[in-house]
Amino acid sequence: SVLAGVQGGCSSRRLFERNLAGLGNVLELCKETRAGLVLLSSSRVYSIPALQSLPLRDVGNALQLDVSQPLPRGVSDKGIGRDFSTNPPLSLYGSTKLAAEALALEWGAAFGFPVWVDRCGVLAGPGQFGTPDQGIFSYWINAHLRRRPLRYIGFGGEGKQVRDALHPRDLAALLVSQMTAARVDGQRLYTAGGGIANSLSLAQLTAWCDSAFGPHRPEPDARERPYDVPWVAMDNEEAERDFGWRVETPITGILQEIAAHAIANPDWLERSGL
């Protein structure tokens, strides 16, 4: 998704129309019907240079946040929170998501309907098509199982870049809490992801796939791409504080569910267009 509007499949104009003009239609409907809105935003609203400058250490097969070093605002040993830098560049996709957040909050304030904004990490679970835009975990597991070509792109071609994974079942629990909340003021924007405990590097994910399906070696590709970031894991502390919400599905459970679905549906990649 982060490459939307830059290469293939979706023009920059269409990206703008989908993420902003489309949201405008939804906001007008909320205004007319007095409906509330829960907007699913993205960790891609954060500054790429700021993410690339995080203090990280190499722990062998993954990059890890180095909490012994001074950390920028919005980052802690729990992950990245809502106060982390959103200064451009973010990517065209990330910029439209950040603008969407502002529009949603403005419409809600102007016309008196409740708005919640959740900046989500990577959503991952069974039933996703095994394509890159559906999420790296589903894509990697499906491609590994079918022995499709895989590449470690950037960061030395070693697959040490890290993302966290959130099961939609856990996200749904947060949405229900927000939709049933009686609060009419106060904080409206939250971060929601798997968190540091539910994060993996590509190399770690490959090792899990090797143990489940047998060895399949990704090709190293050291070329750098402007939108790639080395480490993202979301901080859920504020959502836990305000809604009593916690991630219940561990990363191993997510991977096992995806793998079971991939095995049971051998034509899933073909149906997804790969």
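**Close-up 1. The loop between strand 5 (79–80) and helix 3 holds Pro89.** This is a predicted model, in which local features need pLDDT of at least 70, side-chain atom pairs count only at pLDDT 80 or more, and totals for chains, interfaces and linings use all residues. Residues are numbered from 1 along each chain as its sequence is written, and side-chain values use heavy atoms, with hydrogens and water left out. Helices (H or I, at least four residues) and strands (E, at least two) are DSSP runs, numbered from the N terminus. Pro88 and Pro89 are joined by a cis peptide bond. Its omega is about 5 degrees. Ser91 sits in the loop between strand 5 and helix 3 too. Ser91 is not a glycine, yet its phi is positive, at about 100 degrees.

**Close-up 2. Helix 1 (residues 12–33) crosses helix 3 (residues 92–111) at roughly 15 degrees.** Their axes come within 10 Å. Helix 1 is therefore roughly parallel to helix 3. (Axes are lines fitted to C-alpha atoms, for helices over the stretch in contact, and angles run from 0 to 180 degrees between N-to-C directions. Angles under 35 degrees count as roughly parallel, over 145 as roughly antiparallel, 65 to 115 as roughly perpendicular and the rest as oblique.) The crossing of helix 1 and helix 3 is right-handed. (Right-handed means that the near helix is turned clockwise from the far one by less than a right angle; anticlockwise is left-handed.) Contact here means heavy atoms within 4.5 Å. On the helix 1 side, the contact residues include Leu15, Phe16, Leu23 and Lys31. On the helix 3 side, they include Leu92, Tyr93, Trp107 and Phe111. The contact has 13 nonpolar, three polar and three charged residues. (Ala, Val, Leu, Ile, Met, Phe, Trp, Tyr, Cys and Pro count as nonpolar, Asp, Glu, Lys and Arg as charged, and the others, Gly among them, as polar.)

**Close-up 3. Helix 4 (residues 136–145) packs with helix 8 (residues 251–264) at an angle of about 50 degrees.** The two axes lie 10 Å apart. Helix 4 and helix 8 are therefore oblique to each other. Helix 4 passes helix 8 in a right-handed crossing. Phe137, Ser138, Ile141, Asn142 and Leu145 form the helix 4 side of the contact. Among their partners in helix 8 are Ile251, Leu255, Ile258 and Ile263. Nine of the contact residues are nonpolar, two are polar and none is charged.

**Close-up 4. Helix 6 (residues 202–213) also meets helix 8, with axes that cross at roughly 50 degrees.** These axes come within 12 Å. Helix 6 is therefore oblique to helix 8. The crossing is right-handed. Leu205, Trp208 and Phe213 in helix 6 meet Leu255, Gln256, Ala259 and Ile263 in helix 8. Six of these residues are nonpolar, one is polar and none is charged.

**Close-up 5. The second largest pocket has a volume of about 260 Å³.** Of its 14 lining residues, Gly194, Gly195, Ile196, Asn236 and Glu240 are the closest to the centre. The lining divides into five nonpolar, four polar and five charged residues. (On a 1 Å grid over the protein atoms alone, a pocket is an open set of points where a 1.4 Å probe fits, with protein on both sides within 12 Å along at least five of seven lines; lining residues have an atom within 4 Å of a point. Grid points are joined across faces, edges and corners, and the volume is the space filled by probe spheres set on the points.)
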